[in-house]
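Reader: I'm new to this one. Could you put the structure up and walk me through it?

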Amino acid sequence: MNRINVLLIEHDISKTLLENSLQASGFELLKTQYSPTFLSLIKEISPDIIIFNLDTPSKKLLADLQTLNIQSPLPVVMFATDGNVDTINQAIKAEVSAFIVDGLEHNRIKSIINVAIARFKHQQCLNNALEEARAKLEGRKQIDRAKAILIKTQNFTEDEAYHTLRKLAMNRNISLGEMAKNVIVMSELFK
Amino acid sequence: MKTFIKVTEIWIPDKDRTQLEFGSGLYGGLIDFKEASEQQLFAYNEGLPGKAWAAGHPIVLTKFEHSYFKRTAAAKKAGLTCGIAIPIFSGDFLMAVVVFLCGDDEHHAGAIEVWRTNPALENQLHVMDGYYGTLHRFEAISRNISVPKGQGLPGLAWQTGLPVLIDDISKAETFIRTSDAKQAGISMGIGIPVSDNPGQTYIMTFLSAKATPIAKRIQIWIPDAQGKQLICQQGYSKNSNDLAKMFETITVNKGEGALGRVWLTGVPVITGDHEPDYNPELDSLSSMLAIPVIEQGRLKAIVSFLF
């Protein structure tokens with residue numbers, strides 16, 4: 001099994017308990033401090049997981065994590081001393097997989113990371129399923145809209161509109177949803 | 001499907017009607033050129049749109065460098081080498097200037113011509129200006145012929161006062177230069193009357209090859225006999241387009257929809273927006289330019305170019 005690449009971001013540049021624990025647990029480790037080049041660093045080194053060890057996440061860091069989550073989501077574990085509910089909520093909003101307050105214990109680190117990775121994967125599955133459902137719903141909405149356009153402009157019945165849409169899609173060798181988009185765009189041109 | 005025309009713009013008189021401002025435009029992927037254009041203003045007789053306004057007839061500018069063209073550097077970067085400006089007048093008053101910009105690569109086969117009546121030869125049209133790209137032989141022939149009223153593409157457009165579209169020039173008996181056009185790879189053409197000053201007629205012709213059509217589809221809309229509705233008289237594209245044909249069965253009331261607005265205002269319109277994901281290779285239509293053909297203050301037809 002390949003070793004898990006961990007990007008550790010700590011305020012303290014000296015050797016820390018967390019760093020030692022990660023190394024002892026067999027993770028491939030790169031340690032750095034948080035900087036404005038955080039996102040480009042991630043792009044460059046493509047870690048499997050990011051672990052933060054800090055007092056409290058800054059607004060800029062949370063914003064960066066939200067961007068990361070949109071661009072290329074990764075499991076993120078955050079060890080912090082700030083247990084404020086607002087801070088926790090903001091971290092969860094930024095899609096942090098695990099937020100641990102004052103819980104840095106050598107014997108728990110490996111399981112925390114494994115749980116975070118499993119949770120991240122599960123969350124990704126849910127996100128993908130949600131996205132697929134949204135796309136299907138959007139496609140269905142567009143088909144309905146295209147049908148309504150054909151009914152209005154061509155005096156078709158609903159059945160005729162649907163069959164025409166299907167025939168047009170088949171002739172062009174494209175999906176019904178794509179054809180619906182074409183019909184909508186065409187009607188927009190004449191609007 | 002690559003089209004012959006790369007950029008289409010509409011320039012309209014500003015609030016004071018003393019200079020032209022950007023109305024709308026279609027730029028495909030040429031985002032930098034779009035940005036360079038949107039802030040431009042053209043005074044009367046300034047730049048390509050301003051010159052067309054002052055001249056009162058269409059202008060073809062085949063070279064931008066060392067000319068009055070104002071966006072030369074941006075055009076060069078975008079690979080645009082030729083411009084055609086068509087002023088739309090209602091009587092003495094300018095409604096808008098439509099500008100087409102084309103690229104000059106080897107794979108383009110096509111021509112854009114401005115024909116006008118020859119004062120010396122009554123009832124004859126000759127090429128006043130034209131862009132022929134690499135079709136040098138066809139250019140030489142075209143510049144040396146005169147076309148009588150009612151004959152050939154420009155002559156028919158002149159006689160009827162209406163746009164004339166010939167979808168297969170190789171088979172058209174009415175097209176005078178058939179064999180030369182065939183040799184040059186030209187397959188279709190449209191002639192559009194663009195200004196009807198007393199004693200002086202101007203006809204635009206757009207000739208193009210199948211590989212690089214003028215637009216993805218061209219339509220000619222005319223008012224019905226009662227002048228109540230617009231109907232599509234003709235629609236043409238290289239590949240058959242069932243969807244476009246369906247939309248050509250609709251009738252358009254004055255003021256309703258894009259074509260109805262052109263009829264109501266006499267001002268050309270551009271609809272649709274394909275900048276973010278425009279793919280010239282696809283047959284799908286995502287934008288439209290509709291130009292009015294006005295004669296003595298009345299709408300004779302609307303020509304729509306779909307991209």
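Reader: Which residues does V97(B) touch, not counting residues up to four places away in sequence?

Author: First, a note: this is a predicted model, where local features need pLDDT of at least 70, side-chain atom pairs count only at pLDDT 80 or more, and totals for chains, interfaces and linings use all residues. Residues are numbered from 1 along each chain as its sequence is written, while chains are lettered from A and ligands numbered from 1 in the order in which they are written. Contact here takes C-beta atoms, placed from the backbone, that lie within 7 Å. By that test, V97(B) touches W11(B), L20(B), P49(B), A52(B), W53(B), A85(B), I86(B) and P87(B).

Reader: In the open sheet of six strands in chain B, what is the strand order?

Author: Strands pair if DSSP finds at least two bridges between them. Here the pairing is antiparallel; β17 (residues 287–295) and β18 (residues 298–306) of chain B, for instance, are joined by eight bridges, and I291(B) stands opposite V303(B). The order is β15-β14-β13-β18-β17-β16.

Reader: What angle does α8 of chain B make with β17(B)?

Author: Axes are lines fitted to C-alpha atoms, for helices over the stretch in contact, and angles run from 0 to 180 degrees between N-to-C directions. Helix α8 (residues 257–265) lies across β13, β14, β15, β16, β17 and β18 of chain B. Its angle to β17(B) is about 25 degrees.

Reader: Which elements do the buried residues of α7(A) pack against?

Author: The buried residues of α7(A) are M179(A), A180(A), N182(A), V183(A), M186(A), S187(A) and L189(A). On their own chain they pack against α5 and α6. From chain B, their partners are α7, α8, β16 and β17.

Reader: Which element of chain B gives the largest share of the side that touches chain A?

Author: The contact takes 15 residues from chain B and 12 residues from chain A. On the chain B side, two or more residues come from each of α7, α8, β16 and β17. The largest share is four residues, from α7(B).

Reader: Which residue takes a positive phi in the hairpin of β7(B) and β8(B)?

Author: These two strands pair in the antiparallel sense over six bridges, and W115(B) has V127(B) as its bridge partner. There are six residues between the strands. The positive phi, near 60 degrees, belongs to N123(B).

Terms used. Two residues are in contact if their C-beta atoms, placed from the backbone, lie within 7 Å. A residue is buried if 20 or more other C-beta atoms lie within 10 Å of its own, exposed if 12 or fewer, and partly exposed in between; C-beta atoms are placed from the backbone.
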